[in-house]
Amino acid sequence: MNDAIENKFEHRILDNVHGFIYYTDTERKIIESQYFKRLQSIKQLSIANWVFPGSEHTRFIHSLGVMYLADKIASRFDCLDENERKIVRLAGLLHDIGHYPLSHVCEYPYQASLTSFPDASYCAAVNLKVKNRIDTFSLKPSVSFMERRTGLHHERVGADLIEYNSEISSLIIKECGADAPQIIADMVTGNVERKLTENQELMVQILHSELDADGIDYLMRDASFSGTSFGSFEVDQLINSMEAQDYEGLKIMCISPKGIAAADQYLINKFFSYSQVVNNKHISITEWMAEQIVDWMQKNNAYFPSPQRLKDLVDSCHTSTDKGYLDFTDNFFWASLQNILSNPLAHTTPKFILHFCRELLRHNELEYENGSEVRLISSEADEIKKELSESWTYKCLSSWTDRISIFSTRSMSKHTPSKIFEAAIEDSISRASSADGMTSSDHGPIQIDDIPQLKRRRLMEGICVADNDLHLLCDDYRSLMQVLYNQTLVILRAFKCPL
């Protein structure tokens with residue numbers, strides 16, 4: 001490590017994943033700020049500790065781990081100067097400062113705008129929605145990469161705090177310069193559309209790619225605390241194989257061929273971590289129940305803030321006068337459930353909301369319907385639809401009034417071989433009425449003139465191999481991703497919902 005940076009480390013904290021993590025005095029001030037300490041009250045895996053009791057780790061320690069790994073990755077790139085290394089560390093530290101209670105669980109309703117259903121037809125409506133998802137299921141290659149986070153995404157919320165909160169931004173500016181808060185905000189949101197420093201695209205990739213410091217830490221940390229072995233992969237081999245390569249005026253974060261096996265191992269273990277931990281049936285149903293409650297609350301501005309009220313809370317953090325956002329933690333969620341049940345007007349609340357609140361507060365969940373699970377991994381959409389539609393669970397969806405179903409999917413990777421990627425773009429163009437030079441896809445409008453940019457961003461987000469040329473793992477004959485890139489896990493389950 002560069003001595004000019006190392007000598008400024010005055011503090012340390014013991015982490016059970018990475019050992020001692022050393023940090024500077026400026027980083028200490030941020031860590032001790034109220035906005036960062038708020039992350040001590042947000043569990044990394046929401047309610048997973050009900051199933052994996054050791055999963056008590058928080059976004060606080062995860063953020064320190066990401067800072068450590070981001071700096072370790074940055075040290076591989078000679079093109080990054082000392083100040084850029086400082087910025088990378090601070091971006092890793094602050095990347096989750098905008099997280100919602102229960103991590104992604106309470107964020108999802110603000111992002112997805114879930115459909116509301118009345119009590120009388122609740123189960124039937126939920127199941128009909130799942131049936132429609134299965135009937136229209138497809139596996140289309142992605143043509144959009146490095147998409148900037150907007151709206152009420154937790155990374156956009158965090159970026160606003162970083163740029164506009166006087167306490168945090170002033171510390172960053174004093175340490176790294178006037179542009180640093182904006183650069184860090186771009187790293188957090190994955191914004192590669194503006195360039196405030198020479199190596200900004202490379203710095204964004206350290207936090208936003210399929211091989212970023214965030215993903216590496218959460219895989220290692222979630223496995224360590226849950227007690228599973230999915231976090232085991234050759235992390236040092238992987239990071240030591242990283243290098244920066246020039247491509248059409250951009251610097252692309254790559255691995256050398258010696259890192260291919262470790263990259264395969266990382267992607268496969270991450271896939272199984274989601275399959276066995278995140279998509280565990282007990283975790284899936286408890287998180288689903290929590291999502292329904294939060295969706296109802298935010299739509300009715302009942303305890304959980306409406307989208308506009310949440311935006312106002314975040315805006316109020318720009319100064320130190322309003323501390324309301326600091327209370328937006330896991331504790332806030334659990335208190336809101338109790339408030340719903342204790343409200344004198346609770347009889348006006350939908351029955352399913354009251355039922356879910358009571359059950360979660362008692363550490364209960366909806367009872368699993370034995371034999372209802374359909375789980376398969378395939379790369380063929382028709383095969384997936386066939387297996388699902390022939391199942392007993394699917395055939396019951398149209399008639400169930402006291403059961404609800406949950407349908408989950410998870411792809412191995414966003415990787416798409418170059419031939420398939422280019423064919424998908426050409427197909428979008430051929431189907432467009434593009435008199436104005438525009439075409440469209442499922443991911444929104446595509447500028448025909450921007451196709452070279454899409455290709456560059458595909459390399460930036462994927463795991464790129466630097467050999468005789470730059471290409472993704474799925475285009476490398478030495479990688480398992482050549483055959484595994486499009487494997488998708490699908491799970492259909494049913495649970496009893498007696499309202």
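Analyst: The labels are taken up below, each with its cut-off. This is a predicted model, where local features need pLDDT of at least 70, side-chain atom pairs count only at pLDDT 80 or more, and totals for chains, interfaces and linings use all residues. Residues are numbered from 1 along each chain as its sequence is written, and side-chain values use heavy atoms, with hydrogens and water left out.

User: Why is Leu14 called exposed?

Analyst: Exposed means over 50% relative accessible area, buried under 20%, and partly exposed in between (1.4 Å probe, protein chains only). Leu14 has 59%, so Leu14 is exposed. Leu14 lies in strand β1, residues 11-15 (strands are DSSP runs of E, at least two residues; helices are runs of H or I, at least four; both are numbered from the N terminus).

User: How do you know that Asp382 is exposed or buried?

Analyst: Asp382 has 63% relative accessibility, so Asp382 counts as exposed. Asp382 sits in helix α19, residues 381-389.

User: What makes Gln298 buried?

Analyst: Its relative accessibility is 5%, therefore Gln298 counts as buried. Gln298 belongs to helix α15, residues 281-300. Leaving out residues up to four places away in sequence, Gln298 touches Pro109, Tyr110, Phe304, Pro305, Ser306 and Pro307 (contact means heavy atoms within 4.5 Å).

User: What makes helix α10 mostly covered?

Analyst: Nine of the ten residues in α10 (180-189) are buried. Among them are Ile183, Ile184 and Met187. The buried residues pack against α5 (82-94), α8 (154-164), α9 (166-176) and α11 (200-207). Just after α10, Gly190 takes a positive phi of about 75°.
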